[in-house]
Amino acid sequence: VRIARCVLTVVLTGCSLMIFSTFGLMMLHFTAFSALTDLLVYLFRRIRPRPAPKRPSRILACGLAPLVLVAGVLSYGWWNMYHIVETTYQIPTDKTLSQPSRAVLLADLHYGNGITGEALAEQCDRISAREPDFVLLGGDIVDENTTLEGMQEACALLGSIRSRYGIYYVCGNHDRNAYRNDPAYTIRELYGSLTAHGITVLEDETVVLNGEITLMGRADPGFSAQYGRASVQELLDKAHADPDTFWLVADHQPMELAKSAALGVDLTVSGHTHGGQVFPIGLCDRLVHFNEMNYGCRERDGMYTVVTSGICGWGFPLRTEARSEYVWLEIGGA
């Protein structure tokens, strides 16, 4: 019996290391909850006066408790992934705008992993119904697991969103489809499909919206050594940016925030972090700062920074940390 238990422990531990699969994630949770229940059994037996009741320790020791906990947590994670909410941030500004501007930020779709087809079309219709002034696609709308047909479908659905000044996209690290040896599409095919559906690609490019908002889209830093990446200062100089306009930087990863603030940027928006997606990754990020900012909206040195947890997630259709969302930006509103 002891040998069988040891073999089972080794197998479960090995499976738990396969964390980039749904099964591996399940086993990782089971291993963690099993260790927790074993600790509770040990503590129960140590602190209870003898003779201690056997029923509670037997319930914990039989293995049912970790299975129930895993089922509960992963069921919540599945529901949380598909339950998409709207988050709204008010972005005040001293810049003179003819009227408040409403933008929507949508990032980290990872099309094919979570919502697809009719579910995404429904979200796009909801966004269109609220008549945004412009749309920001913050990267990772597809990834290395998205098929060519899926990529084209994602571009078509996102391109269907109606807005006053258009839809603007910045590249994410997964969009390049560089994490597998046999990519289903190239970055040029992705850009071509985006453009064909009316989406403007901003890769170290700048546009001015309604003569009042200077939007700078940065290349993703994940491949800057191969493809280059302009600084915010270079983008401002290249565009001869009017300092009286509202300066908005879209960058897939929340990086170089202090530099942007020092240059006078009013708002920077990002995705990438997923808010952690699977507990306790987000908690660790907030503690040790894998990213300069993990989630939310903050103001520092006169610049607002918004980092969205994303409308979906990567790797497995589960989210046990943060929530699936898209973000409304009320710029210059009350």
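Let me begin with C312, which at 0% relative accessibility counts as buried, where buried means under 20% relative accessible area, exposed over 50% and partly exposed in between, computed with a 1.4 Å probe on protein chains only. Before I go on, please keep in mind that this is a predicted model, in which local features need pLDDT of at least 70 and side-chain atom pairs count only at pLDDT 80 or more, while totals for chains, interfaces and linings use all residues. Residues are numbered from 1 along each chain as its sequence is written, and side-chain values use heavy atoms, with hydrogens and water left out.

Staying with the cysteines, C297 has a relative accessible area of 31% and is therefore partly exposed. A search of the whole structure for disulfides, meaning pairs of cysteine sulfur atoms within 2.5 Å, finds 0 of them.

C284 lies in helix α11, helices being DSSP runs of H or I with at least four residues and strands runs of E with at least two, numbered from the N terminus. With a relative accessible area of 33%, C284 is partly exposed, and, leaving aside its neighbours within four places in sequence, C284 is in contact with H289 and F290, contact meaning heavy atoms within 4.5 Å. L283 also lies in α11, which covers residues 281-288, and L283 counts as partly exposed at 34% relative accessibility; its C-alpha atom is separated by 8.9 Å from that of E321, 38 residues apart along the chain.

Now to helix α9, residues 232-239, where V232, L235 and L236 are buried. Seen down the axis of α9, these buried residues fall within an arc of 100 degrees, so they line one face of the helix, the arc being that of the directions from the helix axis to the C-beta atoms. What do the buried residues of α9 pack against? They pack against β6 (205-209), β7 (213-217), β8 (246-250) and α10 (257-263). α9 is followed by H240, whose phi is positive, near 50 degrees.

Finally, the helix pair: the axes of α6 (residues 148-159) and α7 (residues 187-196) come within 8 Å and cross at roughly 30 degrees, axes being lines fitted to C-alpha atoms, for helices over the stretch in contact, with angles from 0 to 180 degrees between N-to-C directions. That makes α6 roughly parallel to α7, a term for angles under 35 degrees. The contact is made by M151, Q152 and C155 of α6 and by E189, L190, S193 and L194 of α7.

Methods. Parallel < 35°, antiparallel > 145°, perpendicular 65-115°, else oblique.
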